[in-house]
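Trainee: Could we go through this structure together, one topic at a time? I would like to begin with the strands.

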Amino acid sequence: MANHATQTSFALRHFRRSEFLARPTEHSDNLYRIQEGWAGQYRLLKDGRRQITALFLPGEYCEPQWLLGASATLPVVALTPLRAYAIPLDQISRRPDHLGDSAARVFSGMLKAMRGRERWIVNLGCLTATERICDLICEVYDRLEGTGQTIKNRCAMPLTQYEIADIVGISPVHVNRVLQGLRGTGIIELRNRRLVLCDPAALRHMSGPPATVGSSAAIAEP
């Protein structure tokens, strides 16, 4: 009950699909913790091509580095109808850890976001199209599972094929082909914005080899 009271003490903001949570160079006095819906950060090229550089899912902080006083460097937009708690930055540092939305929690979210960006960089540079999509599905499922948003290998998947393409760096046609293959082999089901992992082990196997950590191998000279 106390935790619920803490959550509702902050203003709950509503965003329509495609509405901005942040614009470049914009400074905010609040940090958003998403309560429902998905958001994405992106960079848009002059010719209209878009690269989504980060996803923000329910239970996560949107751009936690705002706590350090930094302005937004890239736009953040709601990919679905979205609700988020607006937490005043000047309150976060004064909150004890057991109440949640404390500085320690936000910094933990910041580290997770940094690791997520590192993972996406490696995926874009090293993995095949199929591996990228499988890894994205696994990552999204794991993040939703971590905040209690999954039920028996089922979770929401509101991303369109165009949005998936903008994340993994391939065409929407190629995304469709990969998803059709995964569905055809019975590894996943995807309909009505809901995802079912029918064969989680096979999906993770197809997401590419695990990265090594702390390898002492030397980088070969070209």
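Trainee: In which order do the four strands of the open sheet lie?

Mentor: This is a predicted model. In it, the order of the four strands is E1-E8-E3-E6, and they pair in the antiparallel sense.

Trainee: Which strands stand at the edges?

Mentor: Strand E1, residues 11-15, and strand E6, residues 61-62, are the edge strands. Each has a single partner strand, so one side of each is left without a neighbour in the sheet.

Trainee: How many bridges are there between E1 and E8?

Mentor: Five bridges join E1 to strand E8, which covers residues 82-88, and the pairing is antiparallel. His14 stands opposite Arg83 of E8.

Trainee: How many salt bridges does the whole structure have?

Mentor: A search of the whole structure finds 12 salt bridges. One of them pairs Asp166 with Arg50, the closest N and O atoms being 2.9 Å apart. That pair links distant parts of the chain, with Asp166 in helix H5 (residues 161-168) and Arg50 in strand E5 (residues 50-56), 116 residues apart.

Trainee: Why does Asp166 count as buried?

Mentor: Asp166 counts as buried because its relative accessibility is 18%, and the class takes in values under 20%. Arg50, at 25%, is partly exposed.

Trainee: Which residue does Asp135 meet in a salt bridge?

Mentor: Asp135 meets Arg119, at 2.9 Å from N to O. Asp135 lies in helix H4 and Arg119 in helix H3 (residues 103-126), so to speak of position, the two are 16 residues apart and the pair links distant parts of the chain.Asp135 is buried at 9% relative accessibility, whereas Arg119 is partly exposed at 32%.

Trainee: What does Arg132 touch?

Mentor: Leaving aside residues up to four places away in sequence, Arg132 touches Asn123, Leu124, Leu127, Val168, Gly169 and Ile170.

Trainee: Turning to the rings, how many aromatic pairs are found?

Mentor: The search of the whole structure gives one aromatic pair. Phe15 and Tyr32 form it in an edge-to-face arrangement, 5.5 Å from centre to centre and with 85 degrees between the planes.

Trainee: Are Phe15 and Tyr32 buried or exposed?

Mentor: Phe15 and Tyr32 are buried.

Trainee: What about the hairpin of E4 and E5: how many residues lie between the strands?

Mentor: Five residues lie between them, and in this hairpin Gly48 takes a positive phi near 95 degrees. Strand E4 (residues 39-44) pairs with E5 in the antiparallel sense over six bridges. Arg43 stands opposite Gln51 in E5.

Trainee: One last topic, the cysteines. How many disulfides does the search find?

Mentor: The search of the whole structure finds zero disulfides. For Cys155, the nearest cysteine sulfur is that of Cys138, 10 Å away.

Trainee: Why does Cys155 count as buried?

Mentor: Cys155 counts as buried because its relative accessibility is 0%. Cys62 is likewise buried, at 0% relative accessibility.

Methods
Residues are numbered from 1 along each chain as its sequence is written. This is a predicted model: local features need pLDDT of at least 70, side-chain atom pairs count only at pLDDT 80 or more; totals for chains, interfaces and linings use all residues. Side-chain values use heavy atoms; hydrogens and water are left out. A disulfide is a pair of cysteine sulfur atoms within 2.5 Å. Buried means under 20% relative accessible area, exposed over 50%, partly exposed in between (1.4 Å probe, protein chains only). Two strands pair if DSSP finds at least two bridges between them. Contact means heavy atoms within 4.5 Å. Rings of Phe, Tyr and Trp (its six-membered ring) pair if their centres lie within 6.5 Å; planes under 30 degrees apart count as stacked, over 60 as edge-to-face and the rest as tilted. A salt bridge is a side-chain nitrogen of Lys or Arg within 4 Å of a carboxyl oxygen of Asp or Glu.
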